[in-house]
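Please open the model in a viewer and keep the sequence panel beside it.

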Amino acid sequence: MSASSASTLPPVGKSGFTKLCKGLAVVLFLGHIVIRLFPSAVTYLALIPSRTIPFAWNLVTSGYIEQTIPGVIVSIVGLLVLGKVLEPLWGAKELLKFIFLVNLSTSACVFVTAIVLYYITQQEIYLYTPLSGFYGVLSGFLVGIKQILPDQEITLFLLNIKAKWIPSLVAFISVSLSFFMKDSVSYIPIILFGIYLSWIYLRYFQKRLEAGLKGDPSDEFSFSSFFPEFLRPVLDPIASVFHTLVCGRSERSEANDQTLDGLLPGSYSIEANRRRERGQRALEQRLAEKLAAVRSSEATLHHHHHHHQQQQDEDDASDKLEQRCAVLSGDSSKFAERIVDSFSCHRHELKIAM
């Protein structure tokens with residue numbers, strides 16, 4: 001379900017949380033403890049755009065550093081709860097791969113965005129604000145839930161909301177709060193890039209071994225599916241144009257056997273036809289195998305029936321032969337008795353004559 005999901009179930013403890021998720025929760029907790037005990041460690045572990053060039057490792061470490069107590073609590077709880085749903089379906093290796101790629105790509109996009117905003121606005125806040133947090137990966141988990149359980153209802157604030165709308169709702173609330181909270185600059189880009197980049201990975205690159213392809217080309221997981229129905233007729237053509245101009249996924253790339261049809265949805269995807277053709281071929285092959293098995297079974301039954309009939313005929317012939325021999329044996333005995341009686345009568349007649 002990228003992911004893929006073709007692996008054995010991971011080990012689960014009595015609490016139901018997997019070992020991988022509990023291990024990452026410990027990493028988040030220890031990361032927060034480190035910056036609490038050594039505040040200067042934020043300079044080396046968090047993403048500070050002005051220092052990223054010499055300290056490139058913070059593109060990786062920043063995702064596992066929570067600078068606030070509420071932040072570390074939300075991250076740990078979200079990791080344990082959402083990871084408990086995704087890991088049994090994807091497998092531990094795929095989940096770890098997903099976390100690493102989404103975290104790294106989100107940090108890289110946040111870094112580039114901060115540099116661009118600095119050159120546009122000339123505000124140094126974009127260069128020196130420490131950016132960190134697990135929100136990007138948590139947002140990616142919500143996208144994974146949307147893909148796997150889109151119609152699952154979740155109760156939020158006494159409202160039942162389908163899982164497919166949760167990522168969109170989180171993005172909307174985050175953007176709305178950014179107009180009233182100046183501190184939102186430290187987490188809004190992480191959440192938005194986490195949602196978008198995780199969707200790109202699940203849509204186009206996650207290996208699905210059970211289906212024999214990459215990504216999820218279904219319309220239910222298209223880019224426009226994150227928006228209300230009335231906006232999709234407007235978004236799809238825009239996405240198609242953006243796809244053609246920016247992504248370069250034209251008919252030429254499709255001719256080169258690209259797996260999926262672009263960075264943004266909207267253009268016609270041939271993957272669905274390929275999947276249907278593969279399914280049809282597999283179905284025809286299975287039907288042919290079943291037909292061959294039925295024919296082989298019928299031939300075997302016919303052979304056994306013929307052999308049984310032949311054996312029965314042989315037994316009947318043997319019985320008839322035995323009966324004939326018995327008759328012949330009885331006739332021979334009677335004939336011998338008649339000869340003996342006749343001989344005895346002749347001897348008796350001779351004695352009288354003498």
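Which residues does Leu 95 touch, not counting residues up to four places away in sequence? Select Leu 95 and display its surroundings: Leu 20, Cys 21, Gly 83, Leu 86, Glu 87, Trp 90 and Phe 141 are the residues it touches, where contact means heavy atoms within 4.5 Å.

This is a predicted model, in which local features need pLDDT of at least 70 and side-chain atom pairs count only at pLDDT 80 or more, while totals for chains, interfaces and linings use all residues. Residues are numbered from 1 along each chain as its sequence is written, and side-chain values use heavy atoms, with hydrogens and water left out.

**The whole chain**

Colour the chain by secondary structure to display 12 helices and four strands; these are DSSP runs numbered from the N terminus, with helices being H or I of at least four residues and strands E of at least two. Of the 354 residues in the chain, 34% are buried (buried is under 20% relative accessible area, exposed over 50%, and partly exposed in between, with a 1.4 Å probe and protein chains only).

**The nonpolar core**

Next, select Leu 79, Leu 95, Ile 99, Phe 134 and Phe 141, which touch the most other members of the 47-residue largest nonpolar core. Such a core is a set of buried Ala, Val, Leu, Ile, Met, Phe, Trp, Tyr and Cys residues joined through side-chain atoms within 4.5 Å. At least two residues of this core come from each of α1 (19-37), α4, α5, α7, α8 and α9, and α9 provides the largest share, 10 residues.

Select Val 74, Tyr 135, Leu 138, Val 170 and Ile 191, the closest to the centre of the largest pocket among the 40 residues that line it. Its volume is about 1300 Å³. On a 1 Å grid over the protein atoms alone, a pocket is an open set of points with protein on both sides within 12 Å along at least five of seven lines, a cavity is a set where a 1.4 Å probe fits but cannot get out, and lining residues have an atom within 4 Å of a point. Grid points are joined across faces, edges and corners, and a volume is the space filled by probe spheres set on the points.

Highlight α4 (69-90), α7 (135-148), β1 (153-156) and α8 (166-178), each of which supplies at least two residues of the lining of the largest pocket; α4 gives the most, eight residues. By class, this lining has 27 nonpolar, 10 polar and three charged residues (Ala, Val, Leu, Ile, Met, Phe, Trp, Tyr, Cys and Pro count as nonpolar, Asp, Glu, Lys and Arg as charged, and the others, Gly among them, as polar).

For the second largest pocket, select Pro 167, Ser 168, Ala 171, Phe 226 and Phe 227, which lie nearest its centre among 14 lining residues. The elements giving two or more residues to this lining are α8 and α9 (188-205), with the largest share, five residues, coming from α8. The second largest pocket holds about 370 Å³ of space, and its lining divides into 13 nonpolar, one polar and no charged residues.

**The largest cavity**

The largest cavity contains about 100 Å³ of space. Select Asn 103, Thr 106, Ser 107, Gly 133 and Ile 190, the closest to its centre of the 15 residues that line it. Within this lining, α5 (92-121) gives the most, with five residues, and the classes are seven nonpolar, eight polar and no charged.

Select Val 60 in helix α3 (residues 58-61). Val 60 is partly exposed, at a relative accessible area of 29%, and, leaving aside neighbours within four places in sequence, is in contact with Phe 100, Asn 103 and Leu 104.

Move to Thr 52, in the loop between α2 (42-45) and α3. Thr 52 is buried, with a relative accessible area of 3%.

Finish at Gln 122, in the loop between α5 and α6 (125-128). Phi of Gln 122 is near 60 degrees, a positive value in a residue other than glycine.
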